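Colleague: Hi! I'm new to this one, could you walk me through it?
Modeller: Happy to, let's bring it up first.

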Amino acid sequence: QVQLVESGGGSVQAGGSLRLSCVASGDLFGNYYMGWFRQSPGKEREGVAASFGGMADYADPVKGRFTISQDNAKTTVWLQMNSLQPEDTAMYYCAAGRRSGAWARYRALQTGTYKSWGQGTQVTVSS
């Protein structure tokens with residue numbers, strides 16, 4: 001069982017930045033999709049960014065503003081969020097999903113790809 005712990009959420013004004021961190025148990029980035037998802041009240045959980053096989057993918061609303069990265073030891077993944085807007089307000093979750101077959105970009109932001117989830121960290125952006 002993969003354990004994930006997020007941190008770094010908080011409250012910022014529009015235009016500000018936050019950096020989320022996710023610490024994972026074990027060295028698993030070589031065979032796992034690592035993703036960041038978010039969920040607002042009344043909305044479905046949506047993929048924000050994912051790292052897989054040396055590649056990255058982003059949801060259209062965050063492209064150019066958010067960046068996913070990981071350390072060389074492959075135990076931590078970050079989400080750098082710049083130019084935050086009120087619509088970015090949500091609970092943000094880190095997730096891990098074991099690769100099955102070749103890396104597939106279309107799977108990177110799908111919730112069904114991921115089996116392990118963190119507890120979430122709240123991000124609130126005020127106008």
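This is a predicted model: local features need pLDDT of at least 70, side-chain atom pairs count only at pLDDT 80 or more; totals for chains, interfaces and linings use all residues.

Colleague: How many disulfides does a search of the whole structure find?
Modeller: The search turns up one disulfide. It joins cysteine 22 to cysteine 94, with an S to S distance of 2.1 Å.

Colleague: And where do those two cysteines sit in the chain?
Modeller: Cysteine 22 is in strand E3 (residues 18-24) and cysteine 94 is in strand E9 (residues 90-98). They are 72 residues apart, so the pair links distant parts of the chain.

Colleague: Is the disulfide left-handed or right-handed, and why?
Modeller: The torsion about the S-S bond of cysteine 22 and cysteine 94 is about -75 degrees, so the disulfide is left-handed.

Colleague: Is cysteine 22 buried or exposed?
Modeller: Cysteine 22 counts as buried, because its relative accessibility is 0%. Cysteine 94 is buried too, also at 0% relative accessibility.

Colleague: Switching topic: which residues touch the most other members of the largest nonpolar core?
Modeller: Those are Leu4, Trp36, Phe66, Leu79, Met81 and Tyr92, in a core of 27 residues. Among the elements that give two or more residues to this core are E3, strand E4 (32-39), strand E8 (76-81) and E9. Another core, of eight residues, lies apart from it, and its members include Tyr33, Ala95, Ala104 and Tyr114.

Colleague: Nice. What about the open sheet, in which order do its strands come?
Modeller: There are four strands, in the order E1-E3-E8-E7, and the pairing is antiparallel. Strand E1 (4-7) and E7 are at the edges with a single partner strand each, so one side of each has no neighbour in the sheet. From one strand to the next, the twist averages 15 degrees.

Colleague: How many bridges join E3 to E8?
Modeller: Six bridges join this antiparallel pair. Our cysteine 22 comes back here, as its bridge partner in E8 is valine 77.

Colleague: Last one: where is serine 126, and is it buried or partly exposed?
Modeller: Serine 126 belongs to strand E11. Its relative accessible area is 35%, so serine 126 is partly exposed.

Colleague: What is serine 126 in contact with, leaving aside its neighbours within four places in sequence?
Modeller: With those neighbours set aside, serine 126 is in contact with Val12, Gln13, Ala14 and Pro86. Proline 86 is 40 residues from serine 126 in sequence, yet their C-alpha atoms are 5.5 Å apart in space.

Definitions and conventions:
Residues are numbered from 1 along each chain as its sequence is written. Side-chain values use heavy atoms; hydrogens and water are left out. A disulfide is a pair of cysteine sulfur atoms within 2.5 Å. Buried means under 20% relative accessible area, exposed over 50%, partly exposed in between (1.4 Å probe, protein chains only). A nonpolar core is a set of buried Ala, Val, Leu, Ile, Met, Phe, Trp, Tyr and Cys residues joined through side-chain atoms within 4.5 Å. Contact means heavy atoms within 4.5 Å. Two strands pair if DSSP finds at least two bridges between them. Axes are lines fitted to C-alpha atoms, for helices over the stretch in contact, and angles run from 0 to 180 degrees between N-to-C directions.
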